Amino acid sequence: MEISVCKLTVELLENWLTFFDNDAFSDNNEWCGCYCMCYHWDHVLAKQRAWGCDESCIDFNRKQAINFIKSGRMQGYLAYADGKVVGWCNANNKNAYSNVNFNFSQDIPDNGEKIKSIVCFSISPKYRGFGVATALLNYVCEDAKNEGFDLAEAYPFAHDENNAYHGPLEMYRKNGFDLCEKFEGCVVCRKILK
């Protein structure tokens, strides 16, 4: 299977929406309303609505995601196979994430480096296990290096490989990431890009 990856742009918004509307969580109704908003949830959104990702949240999270993508606040990468989006990676400057419950930028120290945070993957169920997440990860790291980032940083779960929306720990190990520390059940992994 040939997988191609590209950075999300406003022009690709409809492709992104089609993926989240139909495929991203087609096997997980509990998360069908996520639209990858979790790590962007801030105090402003929390005043409008409690965070959630189930069916009751679809309209609100979808609308917020559209606004965030159009403004550049949500960034990431799309994986394509067979002419359609089959995967997504939410990755951005570490300081762009403002989740009030799980704020990487405040709780994990850095030394002034420019860090690309890789916070979430969503792979279409029938394309899992075919290297889509690895293709996304490698593209993110290469793009981050070209954009002048010093490090790529990711937060896989320490023990739950079956719930791998942060990306499986082993994938990071195989692709040059070093384990740095543990944080709220996750392992902080970093890869030097320069």
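**Entry 1: overall size**

I looked up the radius of gyration of the protein chain and found 16 Å, which agrees with the value near 16 Å for a compact globule of 194 residues. The radius is taken over C-alpha atoms, and the globule rule is 2.2 Å times the number of residues to the power 0.38. I noted that this is a predicted model, in which local features need pLDDT of at least 70 and side-chain atom pairs count only at pLDDT 80 or more, while totals for chains, interfaces and linings use all residues. Residues are numbered from 1 along each chain as its sequence is written, and side-chain values use heavy atoms, with hydrogens and water left out.

I also looked up the box filled by the C-alpha atoms, which is roughly 45 × 40 × 35 Å along the principal axes.

**Entry 2: helices and strands**

I found six helices and seven strands in the protein chain. Helices (H or I, at least four residues) and strands (E, at least two) are DSSP runs, numbered from the N terminus. Along the sequence I read the pattern β-α-α-α-β-β-α-β-α-β-α-β-β.

**Entry 3: surface, contacts and charges**

Buried residues make up 49% of the 194 residues. Buried means under 20% relative accessible area, exposed over 50%, and partly exposed in between (1.4 Å probe, protein chains only).

Residues 24 or more positions apart account for 67% of them.

I then compared the mean positions of the 20 positive and 26 negative charges, and they are 3 Å apart. Lys and Arg count as positive and Asp and Glu as negative; His and the chain ends are not counted. Each charge is placed at NZ of Lys, CZ of Arg, CG of Asp or CD of Glu.

**Entry 4: helix α1 and Asp23**

I turned to helix α1, residues 13–23, which includes Asp23. The buried residues of α1 are Leu13, Trp16, Leu17, Phe19, Phe20 and Asp23. They pack against α3 (58–71), β2 (76–81), β3 (84–93) and β4 (115–123). Asp23 counts as buried because its relative accessibility is 18%. Leaving aside neighbours within four places in sequence, I listed Thr18, Lys84, Val85, Ser124 and Pro125 as the contacts of Asp23.

**Entry 5: Ser4**

I found Ser4 in strand β1, residues 4–7. Ser4 has a relative accessible area of 38%, so I recorded it as partly exposed. Not counting residues up to four places away in sequence, Ser4 touches Leu78, Ala79 and Tyr80. Val86 is 82 residues from Ser4 along the chain, and the C-alpha atoms of the two are separated by 9.9 Å.

**Entry 6: Glu153**

Is Glu153 buried or exposed? I found it buried, with a relative accessible area of 0%. Glu153 belongs to strand β5, residues 151–154. The side chain of Glu153 makes a polar contact with the side chain of Arg190 at 2.4 Å. A polar contact is a pair of N or O atoms within 3.5 Å; within protein, one must be able to donate a hydrogen and the other to accept it, and residues adjacent in sequence count only if both atoms are side-chain atoms.

**Entry 7: Tyr35 and Cys36**

I looked up Tyr35 in the loop between α1 and α2 (43–48). Cys36 is found in the loop between α1 and α2 as well. Phi of Tyr35 is near 50°, a positive value in a residue other than glycine; for Cys36, phi is positive too, near 60°. Tyr35 is buried at 3% relative accessible area, and Cys36 also counts as buried, at 3%.

Methods
Contact = heavy atoms within 4.5 Å.
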